[in-house]
Amino acid sequence: MQLKEWEFSSRLLEWHTRHKADFPWRETKDLYIILVSEMLLRKTNRKQVKEIFAGFFQKYPSISVLADAPPEEIEKVIRSLGMEHKRAQLLKEVTFRIVSEHGGAVPTTEEELLALPGVGRYATNAVLCFGVGRDVPLVDTNAIRVMQRVFSLKAKKKRARTDPEVWKFASSLILQGKGREFNLAILDFAAAICTQVNPKCRSCPINEICNYVMHSH
């Protein structure tokens with residue numbers, strides 16, 4: 001790890017000890033809750049998922065209960081998130097597959113997770129990181145924005161999150177044994193400081209080593 005990368009990760013983790021966001025899906029190591037939460041969080045915001053979280057998992061406490069639920073009923077429970085028809089369909093497909101092929105237990109290998117319908121690299125790594133404790137990165141538009149600004153990272157693909165080099169770079173930023181903390185920190189940092197519009201560069205703990213700040217001020 002280069003000095004700048006180490007400095008970035010250390011400062012980010014230090015900032016996060018005082019600015020952690022509080023979400024119920026972060027309090028669990030239950031692979032079912034982690035996987036389904038990731039599917040619910042897609043294309044919506046964290047606040048909306050937080051509002052339905054307790055009710056959803058009370059109604060569907062296990063994979064088999066969710067797999068058996070009628071899609072129309074699931075749609076009602078998740079309607080506030082939008083795209084409820086598509087989401088309900090996908091939740092049914094993924095839980096049915098886990099019940100029929102994995103005995104109702106969420107698999108814990110990258111290959112098996114990626115083979116599940118609608119489960120991509122991000123959700124796979126979320127399960128491996130938050131549920132299994134692996135040091136793997138979570139790369140979404142928010143994490144990409146932070147890396148592009150701080151390091152002038154350029155993706156070779158039109159959609160940066162499909163570029164393996166971007167994932168590799170994100171992986172190189174994780175200090176050993178700190179995967180979970182790092183991934184949560186970069187998400188919270190992107191939401192609170194390194195925002196898409198009007199980033200709070202003046203109060204940013206990383207501004208001294210950020211290329212965006214150096215080149216724009």
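Where is Lys43 found? Lys43 is found in the loop between α2 and α3. The legends below describe a predicted model, in which local features need pLDDT of at least 70, side-chain atom pairs count only at pLDDT 80 or more, and totals for chains, interfaces and linings use all residues. Residues are numbered from 1 along each chain as its sequence is written, and side-chain values use heavy atoms, with hydrogens and water left out.

**View 1. Lys43 in the loop between α2 (31-41) and α3 (46-59).** Although Lys43 is not a glycine, its phi is positive, at about 55 degrees. Most residues other than glycine have a negative phi. Lys43 is exposed, with a relative accessible area of 68% (buried means under 20%, exposed over 50% and partly exposed in between, with a 1.4 Å probe and protein chains only). Helices are DSSP runs of H or I with at least four residues, numbered from the N terminus.

**View 2. Met83 in the loop between α5 (71-78) and α6 (84-102).** Met83, likewise not a glycine, has a positive phi of about 50 degrees. Met83 is partly exposed, with a relative accessible area of 41%.

**View 3. Helix α9 (residues 141-151), mostly covered.** Eight of the 11 residues of α9 are buried; among them are Ala143, Ile144, Val146, Met147 and Phe151. Two arginines, Arg145 and Arg149, are also listed as buried. The buried residues of α9 pack against α1 (3-16), α10 (164-172), α11 (179-192) and α12 (211-216), where contact means heavy atoms within 4.5 Å.
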